[in-house]
Protein chains: 2
Amino acid sequence: MDPDKVKEFLLELQELIVERLEQVDGRPFRRDHWQRPEGGGGLTCVIEEGQLLERGGVNFSHVRGERLPPSATAQRPELAGRPWEAMGVSLVLHPRNPYAPTVHMNVRFFCALPGPGQQGEPVWWFGGGMDLTPYYGFEEDAVHFHSVCKRALDPFGPDYYARFKRWCDEYFFLKHRNEPRGIGGIFYDDLSAGGFEHCFNLTESVGDHFLPAYIPILERRADTPYGERERDFQAYRRGRYVEFNLVWDRGTLFGLQSGGRTESILMSLPPVVKWRYDWHPEPGSAEARLYSDFLKPRDWLA
Amino acid sequence: MDPDKVKEFLLELQELIVERLEQVDGRPFRRDHWQRPEGGGGLTCVIEEGQLLERGGVNFSHVRGERLPPSATAQRPELAGRPWEAMGVSLVLHPRNPYAPTVHMNVRFFCALPGPGQQGEPVWWFGGGMDLTPYYGFEEDAVHFHSVCKRALDPFGPDYYARFKRWCDEYFFLKHRNEPRGIGGIFYDDLSAGGFEHCFNLTESVGDHFLPAYIPILERRADTPYGERERDFQAYRRGRYVEFNLVWDRGTLFGLQSGGRTESILMSLPPVVKWRYDWHPEPGSAEARLYSDFLKPRDWLA
């Protein structure tokens, strides 16, 4: 168990992703180093008004706390309240072109230390995943994204992709809308089975497969012509992204509960969002097809 | 204790407010009656793209449930899980003009019935309040709004305004920003002291004082000339409204947890919202004055 190796990987991953995105976008990210008074800090890399990316961030953070908040450990409530340490890379990219999907990727490592007066080893686990949120759906994109997700996990065991794909469908779900956030991907948490090396290698693989999963999709959609109608639908659907992140997302809740850096956490929110009362797409339209053909759990690799 | 009298008052209040707003705006509200499969229903009155109101809603709802969600009873956890009944009028108005403030008002009545096999009387309580969220601050408006709030409460006892004003400052606070939502107003919950008639009359008075508290402010700001800069700041600050309602507001959380009607609950969200990374107003600007002079608890009637 070597947190320093995880940290080294995370920092390299962040730099790799940011540099590649700068190359694709043509504009530089802003890099903000920050410290947390309670311990730890991070590096927030942000782009706003890029050529392809309207807003996006790639955050690294490494933080410590005296008492693990309940939102960090839904599956192990007995660890709540212990001293803890967490590090991760988290990214969300909102392209300007409505035909290019929003994407989220996160890899993280948690460690809960024995409480004062308690005995025992630290309890550690990995979590992570990536998922895609299109405004206009393309089967080709969904298949590509899921194929790369599967490729990232297959070397570690034959059932990881199926399990983590299902977990993603369950996690990125807006209960108050009875609607998935997008076309899914993979999600996992509380991963320690198989030992540190196994889980770390799996998490490295998820991180390493982000660029091959997303860049080809971004590149093939970013020049599609669009108009006011598509931008409007994108702004409306981005509202769902805000609703999910602020109401249901455990990562966001954990960050805000644990005194995280608000501006880094809320980098995930879109640049421009619209809410409209009881709006429904015209039957048969491209917008309606997003709901009927893409916003439902599907086996994209069947 | 007569819930029917409360319901009659609430429906009349809603109609009174909607009709007056239609007169001021010049465009009609849409009226949506709805039923809840689990019991109860409501009337949602909405305006979008009005002449003064860019988006706004005045909701009446009367709903029942088998198990009271924890978010409804922060102060009486022993009531969570009981059969319950709730009715209320809730409104949020987002004017288009950035010089006109957003406003929120709510009056509500709750009743928790004895659980299966339990003895005893129903436990009831009232809650309510109103608060103002300016984008550009005007002392005159804050003083007017708070004066009318005080006028609404003073007949019921000398200390209500001070208590409910403080409660409002505490409740409408964004912990993750260390920032109040706006210039406050009044807020109360779990009100039963003094008996049903007293609490009902006080709640009627709060509802009745909404129009005199807000309409004069809306009317005097709605014609102020503005440009792109003011609209942009308004859209940015509206982000705070979204963050508060989705992350911290117990009413919103209660609605979404209890299977409420999502489109009615999320009527409170602004029509157009922008997020920007680590943005700060220019020192000395009108935007900076909102933070320095208005977004802090102040005794407006001193």
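How many residues does the contact take from chain B, and how many from chain A? It takes 29 from chain B and 29 from chain A. Keep in mind that this is a predicted model.

**The buried area**
- Between them, chain B and chain A bury about 2,800 Å², and 58% of that sits on carbon and sulfur atoms.
- On the chain B side, look at E263(B), W275(B) and Y277(B): they supply 31% of the area that chain B buries against chain A, more than any other three residues.

**Polar links across the contact**
- Chain B and chain A share 4 salt bridges.
- In one salt bridge between the chains, the side chain of R30(A) meets that of D278(B), at 3.0 Å from N to O.
- Counting residue pairs in polar contact between chain B and chain A, with both residues at pLDDT 80 or more, gives 17.

**What chain B brings to the contact**
- Strand 1 (30-35), strand 2 (40-48), helix 6 (228-248), helix 8 (262-265) and strand 10 (272-274) of chain B are the elements that give two or more residues to the side touching chain A.
- Helix 6 of chain B has the largest share of that side, with 5 residues.
- By residue type, the side of chain B that touches chain A splits into 15 nonpolar, 11 charged and 3 polar.

**Strand pairing between the chains**
- Strand 10 of chain A (residues 272-274) pairs with strand 10 of chain B, running antiparallel over 3 bridges.

**How the copies are related**

**Salt bridges over the whole structure**
- Searching the whole structure turns up 54 salt bridges over all chains.
- One to look at within chain A joins R221(A) and E140(A), whose closest N and O atoms are 3.3 Å apart.
- That pair ties together distant parts of the chain: R221(A) is in helix 5 (residues 210-221) and E140(A) is in helix 2 (residues 139-153) of chain A, 81 residues apart.

Technical notes: Residues numbered from 1 in each chain as written. Chains lettered and ligands numbered in written order. Predicted model: local features only at pLDDT ≥ 70, side-chain atom pairs only at ≥ 80, totals over all residues. Heavy atoms only, no water. Contact = heavy atoms within 4.5 Å. Buried area = accessible area lost by both parts, 1.4 Å probe. Polar contact = N/O pair within 3.5 Å; in protein donor to acceptor, adjacent residues only side chain to side chain. Helix = DSSP H or I, 4+ residues; strand = E, 2+ residues; numbered from the N terminus. Nonpolar A, V, L, I, M, F, W, Y, C, P; charged D, E, K, R; others polar. Pairing = 2+ DSSP bridges.
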